[in-house]
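I opened the model to look up a few loops, helices and the sheet. My entries follow in the order in which I made them.

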Amino acid sequence: MIFPWHQNAFTNLTKMLENNHLPHALLITGAEKIGKFELAKRFIQTLLCENNSCGECQHCRQLAKDNPRQVLDQSVLIRRSHYPNMIFCRTELRESGKESKEIRVDQIRAFCDSLNKTAGELQIGMIFYADQMNVSAANSLLKTLEEPRENTLIILLAHNINALPETILSRCQSVHISPAFDRGSVEWLSNHIDGEKRADFDAVQLLENAHGIPFKAVEDLQGDYFLKFQAWQNHLLEMAMNPAKTIETGLFEGHELETLSCLQQLITEGIRLKLLQTEGALLELNKVISKASSDNLFRLLDDISRAISLAQSPVNMTLLLDNVLIVWSHITHLKQYPVITIPQEVS
(Lines give C-alpha, C1' and ligand atoms only; values in the text may rest on other atoms or scores of the structure.)
Protein backbone atom coordinates (compact mmCIF):
# COMPACT_ATOMS: atom_id res chain seq x y z
CA MET A 1 0.00 0.00 0.00
CA ILE A 2 1.24 3.48 -0.89
CA PHE A 3 0.04 6.20 1.46
CA PRO A 4 -1.40 9.20 -0.44
CA TRP A 5 1.28 11.58 0.83
CA HIS A 6 4.00 9.14 -0.29
CA GLN A 7 2.81 8.95 -3.89
CA ASN A 8 5.08 11.62 -5.39
CA ALA A 9 8.18 10.35 -3.58
CA PHE A 10 7.40 6.74 -4.52
CA THR A 11 6.91 7.76 -8.15
CA ASN A 12 10.37 9.34 -8.14
CA LEU A 13 11.83 6.14 -6.71
CA THR A 14 10.16 3.87 -9.25
CA LYS A 15 11.32 6.12 -12.10
CA MET A 16 14.89 5.41 -11.02
CA LEU A 17 14.19 1.69 -11.49
CA GLU A 18 12.42 2.17 -14.81
CA ASN A 19 15.33 4.24 -16.12
CA ASN A 20 17.89 1.79 -14.68
CA HIS A 21 19.37 4.60 -12.56
CA LEU A 22 19.19 3.06 -9.10
CA PRO A 23 21.84 4.89 -7.04
CA HIS A 24 24.24 3.18 -4.66
CA ALA A 25 23.13 5.56 -1.89
CA LEU A 26 19.60 6.85 -1.40
CA LEU A 27 18.62 9.58 1.07
CA ILE A 28 14.96 9.79 2.10
CA THR A 29 14.09 12.95 4.03
CA GLY A 30 10.96 14.37 5.62
CA ALA A 31 9.50 15.54 8.91
CA GLU A 32 9.42 13.23 11.89
CA LYS A 33 6.53 10.72 11.77
CA ILE A 34 5.82 11.36 8.07
CA GLY A 35 6.65 7.72 7.28
CA LYS A 36 10.18 7.61 5.87
CA PHE A 37 10.69 4.05 7.09
CA GLU A 38 7.37 2.90 5.62
CA LEU A 39 8.30 4.40 2.23
CA ALA A 40 11.76 2.80 2.29
CA LYS A 41 10.31 -0.58 3.23
CA ARG A 42 7.75 -0.39 0.41
CA PHE A 43 10.49 0.51 -2.08
CA ILE A 44 12.68 -2.39 -0.91
CA GLN A 45 9.72 -4.70 -1.38
CA THR A 46 9.40 -3.37 -4.94
CA LEU A 47 13.08 -4.10 -5.53
CA LEU A 48 12.99 -7.67 -4.24
CA CYS A 49 9.53 -8.95 -5.11
CA GLU A 50 9.10 -10.31 -8.63
CA ASN A 51 5.33 -10.04 -8.52
CA ASN A 52 4.51 -6.37 -7.84
CA SER A 53 4.96 -6.43 -4.04
CA CYS A 54 2.63 -9.39 -3.70
CA GLY A 55 3.00 -9.83 0.04
CA GLU A 56 3.03 -13.61 -0.37
CA CYS A 57 6.46 -14.51 -1.78
CA GLN A 58 9.48 -15.38 0.37
CA HIS A 59 11.02 -11.90 0.19
CA CYS A 60 7.74 -10.16 1.05
CA ARG A 61 7.19 -12.46 4.04
CA GLN A 62 10.75 -11.88 5.23
CA LEU A 63 10.39 -8.09 5.05
CA ALA A 64 7.03 -8.22 6.82
CA LYS A 65 8.72 -9.78 9.87
CA ASP A 66 11.22 -6.93 10.28
CA ASN A 67 10.64 -4.49 13.13
CA PRO A 68 13.94 -2.61 13.54
CA ARG A 69 12.26 0.27 15.36
CA GLN A 70 11.62 -1.97 18.36
CA VAL A 71 13.87 -1.05 21.30
CA LEU A 72 16.05 -4.00 22.29
CA ASP A 73 17.01 -4.86 25.85
CA GLN A 74 20.59 -5.73 24.91
CA SER A 75 23.47 -3.88 23.28
CA VAL A 76 24.04 -4.49 19.54
CA LEU A 77 25.95 -2.66 16.83
CA ILE A 78 23.69 -3.46 13.87
CA ARG A 79 20.56 -5.51 13.29
CA ARG A 80 19.88 -8.07 10.60
CA SER A 81 16.76 -8.31 8.52
CA HIS A 82 14.89 -11.56 7.97
CA TYR A 83 15.98 -10.99 4.36
CA PRO A 84 19.53 -12.45 4.57
CA ASN A 85 21.25 -9.63 2.67
CA MET A 86 19.86 -6.64 4.56
CA ILE A 87 21.01 -4.86 7.72
CA PHE A 88 19.82 -1.93 9.84
CA CYS A 89 21.75 0.63 11.84
CA ARG A 90 20.14 2.89 14.46
CA THR A 91 20.74 4.21 17.95
CA GLU A 92 21.00 1.33 20.42
CA LEU A 93 21.59 0.57 24.07
CA ARG A 94 25.18 0.94 25.17
CA GLU A 95 26.88 -1.83 27.11
CA SER A 96 26.17 0.27 30.21
CA GLY A 97 22.47 -0.30 29.61
CA LYS A 98 21.78 3.35 28.72
CA GLU A 99 20.33 4.21 25.33
CA SER A 100 22.68 6.17 23.08
CA LYS A 101 21.46 9.47 21.66
CA GLU A 102 23.63 9.11 18.55
CA ILE A 103 24.81 6.52 16.05
CA ARG A 104 28.42 5.77 16.96
CA VAL A 105 31.47 5.15 14.82
CA ASP A 106 31.78 1.49 15.91
CA GLN A 107 28.25 0.90 14.63
CA ILE A 108 28.98 2.43 11.22
CA ARG A 109 32.19 0.40 10.94
CA ALA A 110 30.24 -2.81 11.61
CA PHE A 111 27.59 -1.64 9.13
CA CYS A 112 30.15 -1.02 6.36
CA ASP A 113 32.08 -4.23 7.08
CA SER A 114 28.90 -6.26 6.70
CA LEU A 115 28.03 -4.62 3.38
CA ASN A 116 31.51 -5.35 2.02
CA LYS A 117 30.98 -9.10 2.23
CA THR A 118 30.37 -10.99 -1.00
CA ALA A 119 26.75 -11.76 -1.82
CA GLY A 120 25.01 -13.02 -4.94
CA GLU A 121 21.85 -10.99 -4.40
CA LEU A 122 21.35 -7.28 -3.82
CA GLN A 123 22.72 -6.15 -0.46
CA ILE A 124 20.80 -3.42 1.35
CA GLY A 125 21.81 -1.38 4.38
CA MET A 126 19.49 1.12 6.06
CA ILE A 127 20.56 3.83 8.52
CA PHE A 128 17.88 5.57 10.53
CA TYR A 129 18.23 8.18 11.32
CA ALA A 130 21.35 9.33 9.50
CA ASP A 131 21.18 12.80 11.06
CA GLN A 132 21.87 11.08 14.41
CA MET A 133 25.35 9.98 13.33
CA ASN A 134 28.14 11.70 15.24
CA VAL A 135 30.97 13.29 13.28
CA SER A 136 33.24 10.24 13.48
CA ALA A 137 30.44 7.94 12.33
CA ALA A 138 29.63 10.18 9.35
CA ASN A 139 33.30 10.27 8.35
CA SER A 140 33.52 6.49 8.63
CA LEU A 141 30.52 6.07 6.31
CA LEU A 142 32.02 8.45 3.76
CA LYS A 143 34.63 5.98 2.45
CA THR A 144 31.97 3.39 1.69
CA LEU A 145 29.88 6.02 -0.11
CA GLU A 146 32.93 7.14 -2.12
CA GLU A 147 33.86 3.59 -3.16
CA PRO A 148 30.53 1.80 -3.46
CA ARG A 149 30.52 -1.96 -3.89
CA GLU A 150 28.54 -3.31 -6.83
CA ASN A 151 25.07 -4.73 -6.17
CA THR A 152 24.75 -2.73 -2.93
CA LEU A 153 22.18 -0.13 -1.91
CA ILE A 154 22.57 2.08 1.17
CA ILE A 155 19.42 3.87 2.31
CA LEU A 156 19.72 6.79 4.71
CA LEU A 157 16.63 8.18 6.45
CA ALA A 158 16.85 11.66 7.95
CA HIS A 159 14.54 14.13 9.70
CA ASN A 160 16.88 17.10 9.32
CA ILE A 161 18.91 17.23 6.14
CA ASN A 162 20.85 20.23 7.47
CA ALA A 163 22.39 18.02 10.16
CA LEU A 164 24.17 15.90 7.54
CA PRO A 165 27.62 16.86 6.19
CA GLU A 166 27.73 18.14 2.62
CA THR A 167 30.16 15.31 1.83
CA ILE A 168 27.41 12.80 2.65
CA LEU A 169 24.67 14.71 0.82
CA SER A 170 26.69 15.02 -2.37
CA ARG A 171 27.06 11.25 -2.62
CA CYS A 172 23.38 10.39 -2.21
CA GLN A 173 20.36 10.62 -4.45
CA SER A 174 17.73 12.47 -2.41
CA VAL A 175 13.98 11.91 -2.28
CA HIS A 176 11.83 14.10 -0.03
CA ILE A 177 8.41 13.37 1.47
CA SER A 178 6.51 16.66 1.66
CA PRO A 179 3.81 17.50 4.22
CA ALA A 180 0.37 16.64 2.85
CA PHE A 181 -2.85 18.63 2.82
CA ASP A 182 -4.43 17.01 -0.27
CA ARG A 183 -7.82 15.34 -0.46
CA GLY A 184 -6.39 11.83 -0.47
CA SER A 185 -4.46 12.42 2.76
CA VAL A 186 -7.53 14.00 4.39
CA GLU A 187 -9.62 10.97 3.42
CA TRP A 188 -6.97 8.60 4.78
CA LEU A 189 -6.93 10.50 8.07
CA SER A 190 -10.73 10.56 8.28
CA ASN A 191 -10.81 6.78 7.80
CA HIS A 192 -8.27 6.33 10.61
CA ILE A 193 -10.19 8.33 13.21
CA ASP A 194 -12.08 6.02 15.55
CA GLY A 195 -15.75 5.85 14.64
CA GLU A 196 -16.80 7.23 18.04
CA LYS A 197 -14.56 10.29 17.58
CA ARG A 198 -15.16 10.91 13.89
CA ALA A 199 -18.17 13.18 14.39
CA ASP A 200 -16.25 15.32 16.89
CA PHE A 201 -13.22 16.15 14.73
CA ASP A 202 -12.64 17.71 11.36
CA ALA A 203 -9.95 15.84 9.42
CA VAL A 204 -8.84 18.97 7.56
CA GLN A 205 -8.27 20.83 10.82
CA LEU A 206 -6.51 17.84 12.37
CA LEU A 207 -4.12 17.67 9.42
CA GLU A 208 -3.44 21.40 9.58
CA ASN A 209 -2.71 21.15 13.30
CA ALA A 210 -0.26 18.31 12.61
CA HIS A 211 1.55 20.32 9.91
CA GLY A 212 0.45 17.95 7.17
CA ILE A 213 1.76 14.81 8.89
CA PRO A 214 -1.12 12.29 8.94
CA PHE A 215 0.57 9.79 11.28
CA LYS A 216 1.11 12.57 13.82
CA ALA A 217 -2.53 13.63 13.52
CA VAL A 218 -3.64 10.08 14.37
CA GLU A 219 -1.16 9.93 17.27
CA ASP A 220 -2.41 13.25 18.65
CA LEU A 221 -5.90 11.81 18.98
CA GLN A 222 -4.76 9.16 21.45
CA GLY A 223 -5.89 9.78 25.03
CA ASP A 224 -6.98 13.32 25.92
CA TYR A 225 -4.01 15.18 24.42
CA PHE A 226 -5.95 16.54 21.46
CA LEU A 227 -8.78 17.77 23.64
CA LYS A 228 -6.24 19.73 25.70
CA PHE A 229 -4.54 20.91 22.52
CA GLN A 230 -7.85 22.18 21.17
CA ALA A 231 -8.54 24.06 24.40
CA TRP A 232 -5.09 25.71 24.32
CA GLN A 233 -5.49 26.53 20.63
CA ASN A 234 -8.94 28.06 21.05
CA HIS A 235 -7.81 30.20 23.96
CA LEU A 236 -4.71 31.38 22.10
CA LEU A 237 -6.88 32.47 19.18
CA GLU A 238 -9.23 34.28 21.57
CA MET A 239 -6.21 36.17 22.94
CA ALA A 240 -5.18 37.29 19.47
CA MET A 241 -8.71 38.55 18.81
CA ASN A 242 -9.18 40.07 22.26
CA PRO A 243 -5.96 41.14 24.11
CA ALA A 244 -7.88 41.43 27.40
CA LYS A 245 -7.94 37.62 27.46
CA THR A 246 -4.17 37.63 28.05
CA ILE A 247 -4.69 37.76 31.80
CA GLU A 248 -6.58 34.45 31.67
CA THR A 249 -3.67 32.01 31.66
CA GLY A 250 -4.83 29.43 34.18
CA LEU A 251 -5.51 26.95 31.38
CA PHE A 252 -1.79 26.91 30.54
CA GLU A 253 -0.52 26.45 34.08
CA GLY A 254 1.85 23.48 34.22
CA HIS A 255 1.73 23.18 30.41
CA GLU A 256 3.92 26.12 29.42
CA LEU A 257 6.09 24.17 26.99
CA GLU A 258 3.10 22.45 25.37
CA THR A 259 1.39 25.84 25.02
CA LEU A 260 4.43 27.30 23.29
CA SER A 261 4.47 24.31 20.93
CA CYS A 262 0.76 24.78 20.25
CA LEU A 263 1.31 28.47 19.45
CA GLN A 264 4.29 27.53 17.28
CA GLN A 265 2.04 25.22 15.25
CA LEU A 266 -0.67 27.88 14.95
CA ILE A 267 1.74 30.51 13.65
CA THR A 268 3.47 28.06 11.30
CA GLU A 269 0.11 27.11 9.81
CA GLY A 270 -0.87 30.79 9.64
CA ILE A 271 2.29 31.67 7.73
CA ARG A 272 1.69 28.78 5.33
CA LEU A 273 -1.85 29.98 4.62
CA LYS A 274 -0.71 33.58 4.26
CA LEU A 275 2.01 32.66 1.76
CA LEU A 276 -0.44 30.53 -0.25
CA GLN A 277 -3.05 33.31 -0.03
CA THR A 278 -5.70 30.84 1.04
CA GLU A 279 -7.84 30.12 4.09
CA GLY A 280 -7.75 27.21 6.50
CA ALA A 281 -10.31 25.38 8.61
CA LEU A 282 -9.82 27.67 11.63
CA LEU A 283 -11.90 30.81 11.01
CA GLU A 284 -10.28 32.71 13.87
CA LEU A 285 -6.79 31.97 12.54
CA ASN A 286 -7.86 33.24 9.11
CA LYS A 287 -8.91 36.52 10.72
CA VAL A 288 -5.66 36.86 12.67
CA ILE A 289 -3.34 36.29 9.74
CA SER A 290 -5.32 38.60 7.50
CA LYS A 291 -4.44 41.46 9.87
CA ALA A 292 -0.96 40.44 11.06
CA SER A 293 2.15 41.25 9.05
CA SER A 294 4.26 38.38 7.74
CA ASP A 295 7.39 39.95 9.20
CA ASN A 296 5.92 40.02 12.73
CA LEU A 297 4.67 36.45 12.40
CA PHE A 298 8.11 35.22 11.35
CA ARG A 299 9.81 37.16 14.17
CA LEU A 300 7.42 35.79 16.78
CA LEU A 301 7.91 32.28 15.40
CA ASP A 302 11.68 32.71 15.83
CA ASP A 303 11.20 33.90 19.41
CA ILE A 304 8.94 30.94 20.22
CA SER A 305 11.51 28.51 18.80
CA ARG A 306 14.15 30.17 20.97
CA ALA A 307 11.88 29.94 24.03
CA ILE A 308 11.25 26.23 23.42
CA SER A 309 14.99 25.58 23.09
CA LEU A 310 15.53 27.21 26.51
CA ALA A 311 13.11 24.86 28.28
CA GLN A 312 15.92 22.80 29.85
CA SER A 313 17.88 25.84 31.05
CA PRO A 314 17.25 27.86 34.24
CA VAL A 315 14.47 29.96 32.73
CA ASN A 316 11.18 30.91 34.34
CA MET A 317 8.91 29.31 31.74
CA THR A 318 5.75 30.82 33.21
CA LEU A 319 7.04 34.37 32.85
CA LEU A 320 8.57 33.60 29.48
CA LEU A 321 5.23 32.28 28.20
CA ASP A 322 3.51 35.40 29.56
CA ASN A 323 5.97 37.61 27.65
CA VAL A 324 5.35 35.67 24.45
CA LEU A 325 1.58 35.84 24.92
CA ILE A 326 1.66 39.62 25.33
CA VAL A 327 3.26 39.91 21.90
CA TRP A 328 0.87 37.33 20.41
CA SER A 329 -2.18 39.14 21.80
CA HIS A 330 -1.13 42.30 19.93
CA ILE A 331 0.04 40.57 16.74
CA THR A 332 -2.81 41.94 14.59
CA HIS A 333 -1.89 45.58 15.21
CA LEU A 334 1.78 45.73 16.18
CA LYS A 335 3.52 48.84 14.86
CA GLN A 336 6.98 47.86 16.08
CA TYR A 337 8.02 44.37 17.11
CA PRO A 338 9.21 44.34 20.75
CA VAL A 339 12.13 42.51 22.36
CA ILE A 340 10.96 39.47 24.35
CA THR A 341 12.94 39.24 27.58
CA ILE A 342 14.17 35.93 29.00
CA PRO A 343 13.30 35.78 32.74
CA GLN A 344 15.71 33.63 34.78
CA GLU A 345 14.65 31.32 37.60
CA VAL A 346 15.34 32.67 41.08
CA SER A 347 17.55 30.22 43.00
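I began with lysine 33, which lies in the loop between E1 and helix H2 (36–48); helices (H or I, at least four residues) and strands (E, at least two) are DSSP runs, numbered from the N terminus. The model is a predicted one, in which local features need pLDDT of at least 70 and side-chain atom pairs count only at pLDDT 80 or more, while totals for chains, interfaces and linings use all residues. Residues are numbered from 1 along each chain as its sequence is written, and side-chain values use heavy atoms, with hydrogens and water left out.

**Backbone entries.** Lysine 33 is not a glycine, yet I read a positive phi of about 75 degrees for it. At 33% relative accessibility, lysine 33 counts as partly exposed (buried is under 20% relative accessible area, exposed over 50%, partly exposed in between, with a 1.4 Å probe and protein chains only). I then went to asparagine 20, in the loop between helix H1 (7–18) and E1. Its phi is also positive, near 60 degrees, and asparagine 20 counts as exposed at 67%. I looked up the peptide bond from phenylalanine 128 to tyrosine 129 and found it cis, with omega near 10 degrees. Tyrosine 129 sits in the loop between E4 and H5. I noted these entries because most residues other than glycine have a negative phi, and most peptide bonds are trans.

**Serine 100.** Is serine 100 buried or exposed? It is buried, with a relative accessible area of 5%. I placed serine 100 in the loop between strand E3 (86–89) and helix H4 (105–115). A polar atom of its side chain lies 2.7 Å from the backbone oxygen of glutamate 102; a polar contact is a pair of N or O atoms within 3.5 Å, where within protein one must be able to donate a hydrogen and the other to accept it, and residues adjacent in sequence count only if both atoms are side-chain atoms. Not counting residues up to four places away in sequence, serine 100 touches Thr91, Glu92 and Arg94 (contact means heavy atoms within 4.5 Å).

**Helix H15.** Asparagine 316 caps the N-terminal end of H15, with a side-chain oxygen 3.2 Å from the backbone nitrogen of threonine 318. The buried residues of H15 include Met317, Leu320 and Trp328. Among the elements that cover the buried residues of H15 are helix H11 (225–241) and helix H12 (256–276).

**The sheet.** I traced six strands in an open sheet of mixed pairing, in the order E2-E3-E4-E5-E1-E6; two strands pair if DSSP finds at least two bridges between them. Strand E2 (79–80) and strand E6 (173–176) stand at the edges with a single partner strand each, so one side of each is left without a neighbour in the sheet. E3 and E4 pair in the parallel sense over four bridges. H4 packs on the sheet and touches E2, E3, E4 and E5, its direction making about 165 degrees with that of E4. For such angles, axes are lines fitted to C-alpha atoms, for helices over the stretch in contact, and the angles run from 0 to 180 degrees between N-to-C directions.
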